[in-house]
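Dear colleague,

Please find below the structure that I am handing over to you. I would be grateful if you could look through it alongside the notes that come after it.

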Amino acid sequence: MKYPLTIAAIALAALMPPAEAAALRESGDPLASARWSEMQKAFLAGAPVLFDPRVKVVAPSTAENPMQVPVTVDATALAGVVEVVVFADFNPIVQVLRFFPEDAPAFLGFRVKLQQSTPVRAAVRTADGVWHVGGTWVNTVGGGCTAPSAAGGSKEWQQRLNEVSGRQWSEGPNAGRLRMRIVHPMDTGLVAGTPAFFLEEINFADAAGKRLMRVQTYEPVSENPVFTLQRASADGPVEASGRDNNGNAFKARIAQ
């Protein structure tokens, strides 16, 4: 079923390849989720919304481990990206993270906890105020949000809290790519007797202090989160800093 497009969407479609223009939609959720209208109201209310194939959400169609589901959001085909919101329709805590690409492309890889099979979506706001939405269904056995973290059974995690490791690639097919891991339990608060304890914000900046990307993270991000981003140019070390919801801060330099 095809849906009518506004004048703005028609103009946008005229600039796209035919296959992508044909997929552009303003209504009629392509993932057929019963909760789409709730998601739209919660995150995108009052703004134009387009289902846009240029917003790519890459995740396994079937996730064997619901506590560590790899997801990559790639909105680099869009110009003027201001903000990206990632959410999972059927999670008990729907919002996964937000990121704001400043001097880095609109690309981020991470891992997420899923409670049940669900669409995982990225809504990308461009400078004109339009939300471009992409997503994919992930099937899983579930329980990822209500299972205790592995760190909860370890006596060492408090000593290693917010320990950072990472690397950059300066050449080859991954040139410009940066990957960082942070030791943190990322507790959802949905396990009896365990309060929510999670990273809230992470900033990436170059050696001169210019911010590359700001990331706001929420409870569904997986334990010991790993983030992968792409630099516009691989030049020099990256400073990573942030804090969790208990005020614990970290700062680290990732060498090139």
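This is a predicted model: local features need pLDDT of at least 70, side-chain atom pairs count only at pLDDT 80 or more; totals for chains, interfaces and linings use all residues.

Residues are numbered from 1 along each chain as its sequence is written, and side-chain values use heavy atoms, with hydrogens and water left out.

The largest nonpolar core has 44 residues, and F204 and F227 have the most contacts inside it. Such a core is a set of buried Ala, Val, Leu, Ile, Met, Phe, Trp, Tyr and Cys residues joined through side-chain atoms within 4.5 Å; buried means under 20% relative accessible area with a 1.4 Å probe, protein chains only. Strand β5 (residues 81–88) gives the most to this core, with four residues; strands are DSSP runs of E, at least two residues long, numbered from the N terminus. Apart from this core lies another, of twelve residues, including W36 and W131.

Six strands form an open sheet with antiparallel pairing, in the order β2-β4-β7-β14-β11-β10; two strands pair if DSSP finds at least two bridges between them. Its edge strands are β2 (56–58) and β10 (164–168). Three bridges join β2 to β4 (residues 69–74), and K56 stands opposite D74 in β4.

Q216 belongs to strand β13 (residues 211–217). Leaving out residues up to four places away in sequence, Q216 touches L97, R98, F100, E200 and E201, where contact means heavy atoms within 4.5 Å.

With kind regards

Conventions. Buried means under 20% relative accessible area, exposed over 50%, partly exposed in between (1.4 Å probe, protein chains only).
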